[in-house]
Amino acid sequence: MSKGKSMDAEIGVIGGSGFYSMIKKPVIMHDNNSYGEPSEGIAIGSLGNRKTAFLARHSKNHTIPPHKVNYRANIEALSSLGVKRIIATNAVGSLREDYVPGDILFFDQFVNMTNGRNDTFFDEDCVVHVSSADPYCEQLRRIGSSVAKRMGIRYHDSGTVVVVNGPRFSTKAESKYYKANGFDVINMTQYPEVILAREKQICYLGIGIVTDYDAGIEGREDVDKVTTKDIEESFAKSMASVKELVTGIIKELPEKRSCSCGSALENAVLTKKQK
Ligand SMILES: [Zn+2]
């Protein structure tokens, strides 16, 4: 499909397939790119009166597990549409008693514990060391928090997400280790999605939706083991407020970016390969 005027978007939303129905009059783009096939056709249309592109991270029918998502193809696809800001929703397990199921949080840090994932666009002709000190967009995080506050939902304006490879859940010992390190929540998809967006100089807001407690939070005997069914049920319950939150954030976005995400490569250490 060739790219016409209808095939561009300023905002990208990545999340569960529930968002498809929210995009008004969508055009679906099915293009592959040089990194392969995105998880699903991208729905481009209006959300919160802004041109938005939506992508279901695990495909429409949730058939792609976290370790098999083609993160590079997904971010490349959004970038090629002209997306400058991504709002991404993610199910997370809580590692703290005070982050309860149903809570929303806006990540400000991640710890990567995944392996074997393609996590850079710069592995061919040049070496780029992009800064990851503050991987999440500060401007988007501030807007997200203010919208959540106005909605009156339970939220946390920061949090460290530890990203594990999956698809299996944690052992009790792993869970105890993550908690002891001060990580707040656990997830399988934030890495490398957020850092690939940074390499494309796209602002990225990571919204965590607490669906359960991670396996055996220490000291809580009433906490049951995590099952996929628990997560799906809890996530579905939170979806209505998450949709309202995402739409509210999009409506609040100023045209101009006041953050440094758009100049991430200007400040990166870059070495071109000698030919
Ligand atoms: Zn930004």
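Biologist: What makes helix 1 largely enclosed by the rest of the structure?

Modeller: A residue is buried if 20 or more other C-beta atoms lie within 10 Å of its own, exposed if 12 or fewer, and partly exposed in between, with C-beta atoms placed from the backbone. By that count, 9 of the 10 residues of helix 1 are buried, so helix 1 is largely enclosed. They are Tyr71, Arg72, Ala73, Asn74, Ile75, Glu76, Ala77, Leu78 and Ser79. Bear in mind that this is a predicted model, where local features need pLDDT of at least 70, side-chain atom pairs count only at pLDDT 80 or more, and totals for chains, interfaces and linings use all residues. Numbering runs from 1 along each chain as its sequence is written.

Biologist: What covers the buried residues of helix 1?

Modeller: The cover includes strand 1 (11–15), strand 3 (42–47), strand 4 (50–56), strand 5 and helix 4. Helices (H or I, at least four residues) and strands (E, at least two) are DSSP runs, numbered from the N terminus.

Biologist: Which residues of helix 1 meet helix 4?

Modeller: Tyr71, Arg72 and Ile75 meet Pro192, Glu193, Leu196 and Ala197 of helix 4. Being in contact takes C-beta atoms, placed from the backbone, that lie within 7 Å.

Biologist: Why is the crossing of helix 1 and helix 4 called right-handed?

Modeller: A crossing is right-handed if the near helix is turned clockwise from the far one by less than a right angle, and left-handed if anticlockwise. Helix 1 passes helix 4 the right-handed way, and the two pack at an angle of about 35°.

Biologist: How do you know that helix 2 spans close to what is expected?

Modeller: The expected span is 1.5 Å times one less than the number of residues. Helix 2 (residues 138–151) has 14 residues, and the 20 Å from its first C-alpha to its last is close to the 20 Å expected.

Biologist: What puts the buried residues of helix 2 on the same side?

Modeller: Leu140, Arg141, Ile143, Gly144, Val147 and Ala148 are the buried ones. They cover an arc of only 165° around the axis, so they sit on the same side of helix 2. The arc is that of the directions from the helix axis to the C-beta atoms. Lys149 and Arg150, on the other side of helix 2, are exposed.

Biologist: And helix 3: why do its buried residues line one face?

Modeller: In helix 3 (residues 172–180), Ser175, Tyr178 and Lys179 are buried. Seen down the axis, they fall within an arc of 100°, so they line one face of helix 3. On the other side of helix 3, Ala173 and Ala180 are exposed.

Terms used
Axes are lines fitted to C-alpha atoms, for helices over the stretch in contact, and angles run from 0 to 180 degrees between N-to-C directions. Two residues are in contact if their C-beta atoms, placed from the backbone, lie within 7 Å.
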